[in-house]
Structures are given as structure tokens and as C-alpha cells.
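Hi,

Here is the structure I promised to pass on to you. Have a look at it first, and then read on for what turned up in it.

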Amino acid sequence: MIKVDGLSKRFGEVIALRDISLELLPGTVTAIHGPSGSGKTTLLRLIAGLEAPTTGAIYIGGALVSTPAALTAPHHRGVGFVFQEAALWPHMTVYQNVAFGLLGLPRHEVKARVAEMLAQLGIDDLTRRYPGELSGGQARRVSLARTLVTHPPRLLLDEPLTHIHHEMRSEILNLIEQLAVNRGTTVVYVTHELAEAARLGGRLIRMEEGAIVWADACPAGEIPASDTPNRESFRAD
Ligand SMILES: Nc1ncnc2c1ncn2[C@@H]1O[C@H](COP(=O)(O)OP(=O)(O)O)[C@@H](O)[C@H]1O
Ligand SMILES: [Mg+2]
């Protein structure tokens, strides 16, 4: 379980998070949505351990991992994350990028897991390419593959469908849902689109100006026209 308790985060004058408390259970998907600047990425960065809170605490699997004074390192949290920027290693091929997190496992197992992951994400024909030879949507899928292949017990996804073609979107959403159901992964999924968040069928949380404004029950009439699939963000690979 991930437990966030009274979390706030300030960047100078900007209050990015205001008194956030949440409990995220294994095997569940929590979709957090809200407009740009509402604090979604900051919340994920704090859970990942990339940033310290200004007040409050984070517990992962019962252990205290973040306070304003002390942070457990990101790689000791059992958390996989896919951030908005793909950040692939430019000097490594797609195969090497995805296999990187499995270093130390037997070679045949690495091969099998990478191949399965690339096939599930529809990028198995790109294994020998370098990041510079990929479209935005392809790079995004490699970035997802690189994290998912390690089977993290907790998974933080920041707008993972950005640049991904409409037809591929529901396959990726299904894959993410299956991780929660089949592996008991704790999934936190961030998006600025309510429709995308609602499609996941898990818990639904709305953030505005650094605060949670509603959770679980979407108020009647809340789905505005601007949250219907938007051409711009559905742009193809
Ligand atoms: N490193 C930073 N330094 C200063 N301000 C920041 C920093 N990171 C985020 N912010 C500010 O915090 C607020 C929330 O940002 P963010 O978490 O990125 O929102 P979202 O992901 O919902 O778009 C914004 O006002 C943003 O400008
Ligand atoms: Mg963001």
C-alpha cells in the first residue's frame, strides 16, 4: 500500500500540493486527473522519492519513506515510474533500453521478457532502432516497456498516452488494468483528461490547484466537452 499523509509541497511562492492524504491499495488503479498545473506530476515525484515534501509523510508497504527531513532513495521504494518525458538512453537500442532494468537475470529470461513486453506494446519490430529513430508515440511505448518489464509492485504513470495513436490507447489501458488484476500492482495513473481517467474503471480523483477536490464520486454533469477525446492529444505516432 502507498499511504500519503497530510502532504504539501511548496516551490518558493508556489504551493504545488496542499494537504493531500490518500491510501492506494495493492491491485487497484487510481486515476488522478486535473488541469495542467494542478500538482499531479509533483504528487508522483514525491511518491517516487525524487522530491521531499514540505510537510507530511509518505509510507510505502508500511515503511516511512518520505518526510521533510529524510527520503528513502527512489530505487529502494519498489516503485516503477513512467514520466512525461520518455528519457530513453540515446546510445542504446530499443532492446538494450528495455533490457536494462533486467540486468543480472539469466540471458534467456531477459530475452523472453523483453520480447513479450515489446510484442504487447506493438513495438517488437523496433528492437534494433535507436531512440533518435523513433516517433514520439514509439518512444513513449518503449519508455512504458522499460518500466513494465521489471514488474514493479507499484507503478506511477504520468500522462502515459501522450503522442500514442488512438488505436493503441485502449490496448495500453487494458494492459495497465491487467497489471492490477493479475499481479496485484498498485497503479497510480495521472492524466489531464477525465474521459481517459474514467475509462480505467478504478478509483477516480480530481485535483485542482494542488488539492483533491473530489474523490471516487464524479459529481453529476462534471464531464465537460473539453474532456472528451481531444484531437490534439490523440495525434498519431
Ligand atoms: N521544480 C519546480 N519549481 C517551481 N515550481 C514548480 C516546480 N515543479 C512544479 N512547479 C509548479 O507547481 C505547480 C504544479 O505543477 P505540476 O505538478 O507539474 O502540475 P501538473 O502535473 O498537474 O500539470 C505548477 O504551478 C508548477 O509551475
Ligand atoms: Mg504534469
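Predicted model: local features only at pLDDT ≥ 70, side-chain atom pairs only at ≥ 80, totals over all residues.

Let me start with helix H5, where Ile172, Ile176, Leu179 and Ala180 are buried. These residues lie on the same side of H5, because they cover an arc of only 90° around the axis.

What do the buried residues of H5 pack against? Their partners are strand E3 (29–33), helix H4 (136–148), strand E7 (154–158) and strand E8 (186–191). On the face turned away from the buried side, H5 carries the exposed residues Glu167, Ser170, Asn174, Gln178, Val181 and Asn182. The helix itself runs over residues 166–183, 18 residues in all, and spans 26 Å from first C-alpha to last, close to the 26 Å expected at 1.5 Å a residue. After H5 comes glycine 184, which has a positive phi, near 70°.

Next, the core. The largest nonpolar core has 57 residues, and those that touch the most other members are Ile47, Val98, Ala145, Leu156 and Val188.

Around ligand 1 you will find Phe11, Val14, Ala16, Gly34, Ser36, Gly37, Ser38, Gly39, Lys40, Thr41 and Thr42. Two or more residues of this shell come from each of strand E2 (14–24) and helix H1 (40–48). Which element gives the largest share of the shell? That is H1, with three residues.

Isoleucine 58 stands opposite serine 66 in E5. The two strands form a hairpin with two residues between them, and glycine 61 in the turn has a positive phi of about 55°.

Finally, is glutamate 85 buried or exposed? Glutamate 85 counts as exposed, because 11 other C-beta atoms lie within 10 Å and the cut-off for exposed is 12 or fewer. You will find glutamate 85 in the loop between strand E6 (79–82) and helix H2 (94–99). Glutamate 85 and serine 135 are 50 residues apart in sequence and 13 Å apart in space, C-alpha to C-alpha.

Enjoy exploring!

Best wishes

Technical notes
Residues numbered from 1 in each chain as written. Chains lettered and ligands numbered in written order. Helix = DSSP H or I, 4+ residues; strand = E, 2+ residues; numbered from the N terminus. Expected span 1.5 Å × (residues − 1). Buried ≥ 20, exposed ≤ 12 C-beta atoms within 10 Å, placed from the backbone. Arc of directions from axis to C-beta. Contact = placed C-beta atoms within 7 Å. Pairing = 2+ DSSP bridges. Core = buried A, V, L, I, M, F, W, Y, C linked by C-beta atoms within 7 Å. Near = placed C-beta within 6 Å.
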